[in-house]
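Subject: Handover of a structure

Hello,

Here is the structure I said I would pass on. Please open it first, then read my notes below.

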Amino acid sequence: MNDRPDAAGDRLPLYLTIGVFVLLLACLPLARMIDSSHDEDRPLYQDMLAMQTMQAQLVANKERPVEVSVSDGETVEVGKNKTFTVSSGVTIEVRVVDHDSFCVSGHNDLGASSPERCSS
């Protein structure tokens, strides 16, 4: 058994652990604020990915990509029996390069835009 009294230095690791925990808790609102600002652009990138996937499926099925410009909740037909509805506040544009190549670009009402992404 240890009968010596506790020294002030014996609690230092405990105090450091508690301090780090409190500091991380204090940073949580900042992290949530930054995350929510990035989430505003999420519909733009999800819509671009969906359109790129649909156009790539057309090319994979030996069909020609569809040139289209769609914005703010509009629905367009992409290929046979496939429709695409863009999110509110988002504009997606597809430019056909040749019979099996296309480029997709987009922007939203908040000022975010994505550079043109082209198939190879």
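**The covered strand**

Strand β5 is mostly covered, with 7 of its 8 residues buried. Buried means under 20% relative accessible area, exposed means over 50%, and partly exposed is in between (1.4 Å probe, protein chains only). Helices (H or I, at least four residues) and strands (E, at least two) are DSSP runs, numbered from the N terminus.

A word on the source. This is a predicted model: local features need pLDDT of at least 70, side-chain atom pairs count only at pLDDT 80 or more, and totals for chains, interfaces and linings use all residues. Residues are numbered from 1 along each chain as its sequence is written, and side-chain values use heavy atoms, with hydrogens and water left out.

**The sheet around β5**

β5 belongs to an open sheet of 4 strands. The order is β1-β4-β5-β6, and the pairing is antiparallel. β1 (68-71) and β6 (113-118) stand at the edges. Each has a single partner strand, so one side of each is left without a neighbour in the sheet. From one strand to the next, the twist averages 10 degrees. Angles run from 0 to 180 degrees between N-to-C directions, with axes as lines fitted to C-alpha atoms, for helices over the stretch in contact.

Now the pairs. Two strands pair if DSSP finds at least two bridges between them.

- β1 and β4 (residues 90-98) run antiparallel and are joined by 4 bridges. S71 has T91 in β4 as its bridge partner.
- β4 and β5 pair in the antiparallel sense over 8 bridges. They form a hairpin with 2 residues between them. I92 stands opposite G106 in β5.
- β5 and β6 also pair in the antiparallel sense, over 4 bridges. Their hairpin has 4 residues between the strands. G111 in that turn has a positive phi of about 100 degrees. C103 stands opposite C118 in β6.

A helix covers this sheet too. Helix α2 (residues 42-60) lies across β1, β4, β5 and β6. It runs at about 165 degrees to β5.

**N108, at the end of β5**

Look at N108 next. N108 lies in β5, which spans residues 101-108. Is N108 buried or exposed? Its relative accessible area is 7%, so N108 counts as buried.

What does the side chain of N108 reach? It comes to 2.9 Å from the backbone nitrogen of A112. The N108 side chain also makes a polar contact with the side chain of D41, at 3.4 Å. A polar contact is a pair of N or O atoms within 3.5 Å; within protein, one must be able to donate a hydrogen and the other to accept it, and residues adjacent in sequence count only if both atoms are side-chain atoms.

Leaving out residues up to four places away in sequence, N108 touches E40, D41, L44, G89 and V90. Contact here means heavy atoms within 4.5 Å.

Most residues other than glycine have a negative phi. Two residues are worth a look on this point.

K62 is not a glycine, yet has a positive phi of about 65 degrees. K62 sits in the loop between α2 and β1. K62 is exposed, because its relative accessibility is 77%.

D72 is not a glycine either, and has a positive phi of about 50 degrees. D72 is in the loop between β1 and β2 (75-77). With a relative accessible area of 48%, D72 is partly exposed.

L30 is found in helix α1 (residues 12-39). At 46% relative accessibility, L30 is partly exposed. L30 and I18 are 12 residues apart along the chain, and their C-alpha atoms are separated by 20 Å.

The protein chain has 2 helices and 6 strands. Along the sequence, the pattern is α-α-β-β-β-β-β-β. The radius of gyration is 26 Å, well over the 14 Å that the globule rule gives for 120 residues, so the chain is more spread out than a compact globule. That radius is taken over C-alpha atoms, and the rule is 2.2 Å times the number of residues to the power 0.38. Along the principal axes, the C-alpha atoms fill a box of roughly 85 × 30 × 25 Å. Buried residues make up 25% of the 120 residues.

Best wishes
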